[in-house]
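Q: Please take a close look at a single part of this model. A plain account will do.

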Amino acid sequence: MGSSSDWETLQHATQILAEFGVPFEARVLSAHRMPDDMFAYAEGASLRGLQAIIAGAGGAAHLPGMLAAKTVVPVLGVPVPSRHLQGVDSLHSIVMMPKGVPVATFAIGNAGAANAALFTVAMMANHDAALRERLLAWRLRQTEAARAMNRDIG
């Protein structure tokens with residue numbers, strides 16, 4: 001995350017990853033205040049075995065794009081709501097990457113963080129049968145919860 005204040009949003013990603021038993025790191029790597037640390041993290045990501053990086057940032061939100069510029073590990077960008085523009089500025093900053101430096105961009109806020117984690121799980125499940133089964137079971141629970149809504153309203 002670009003700042004510790006982004007944790008309120010990005011904790012929703014870590015909760016999903018923990019639910020699926022996917023190991024993760026949660027770190028502050030500010031693109032503007034600690035660029036050398038951010039570059040070192042990105043450059044070492046593949047060698048350390050990372051399969052994806054979920055990068056959330058608010059405001060100018062340069063973190064996801066700068067990480068993507070320095071690694072071939074897939075970067076999933078989560079726009080964090082900002083005080084003045086409610087995260088629309090972050091969304092535009094993350095989604096408008098130049099050709100050749102992709103960042104998968106998710107919704108603003110908590111839903112985007114959770115979906116970035118679920119997307120990571122889905123990517124990993126392509127090569128992990130046990131994880132795939134847990135993801136299928138999770139989705140079935142989501143379906144059943146939605147069906148229960150009809151029973152709840154009569």
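Q: Are α5 and α6 parallel or oblique to each other, and why?

A: This is a predicted model, in which local features need pLDDT of at least 70 and side-chain atom pairs count only at pLDDT 80 or more, while totals for chains, interfaces and linings use all residues. Residues are numbered from 1 along each chain as its sequence is written, and side-chain values use heavy atoms, with hydrogens and water left out.

Helix α5 covers residues 110-125 and helix α6 covers residues 129-152; their axes come within 8 Å and cross at roughly 135 degrees. Helices here are DSSP runs (H or I, at least four residues), numbered from the N terminus. The axes are lines fitted to C-alpha atoms, for helices over the stretch in contact, with angles from 0 to 180 degrees between N-to-C directions. α5 and α6 are therefore oblique to each other, given that angles under 35 degrees count as roughly parallel, over 145 as roughly antiparallel, 65 to 115 as roughly perpendicular and the rest as oblique.

The crossing of α5 and α6 is left-handed, that is, the near helix is turned anticlockwise from the far one by less than a right angle. On the α5 side, Leu118, Val121, Ala122, Met124 and Ala125 meet Leu131, Arg132, Leu135 and Trp138 of α6, contact being heavy atoms within 4.5 Å. Of the residues in this contact, eight are nonpolar, none is polar and one is charged; Ala, Val, Leu, Ile, Met, Phe, Trp, Tyr, Cys and Pro count as nonpolar, Asp, Glu, Lys and Arg as charged, and the others, Gly among them, as polar.

Val121 is also in contact with leucine 17, a residue of helix α1 (residues 7-19).

Technical notes
Helices (H or I, at least four residues) and strands (E, at least two) are DSSP runs, numbered from the N terminus. Lists of a residue's contacts leave out its neighbours within four places in sequence.
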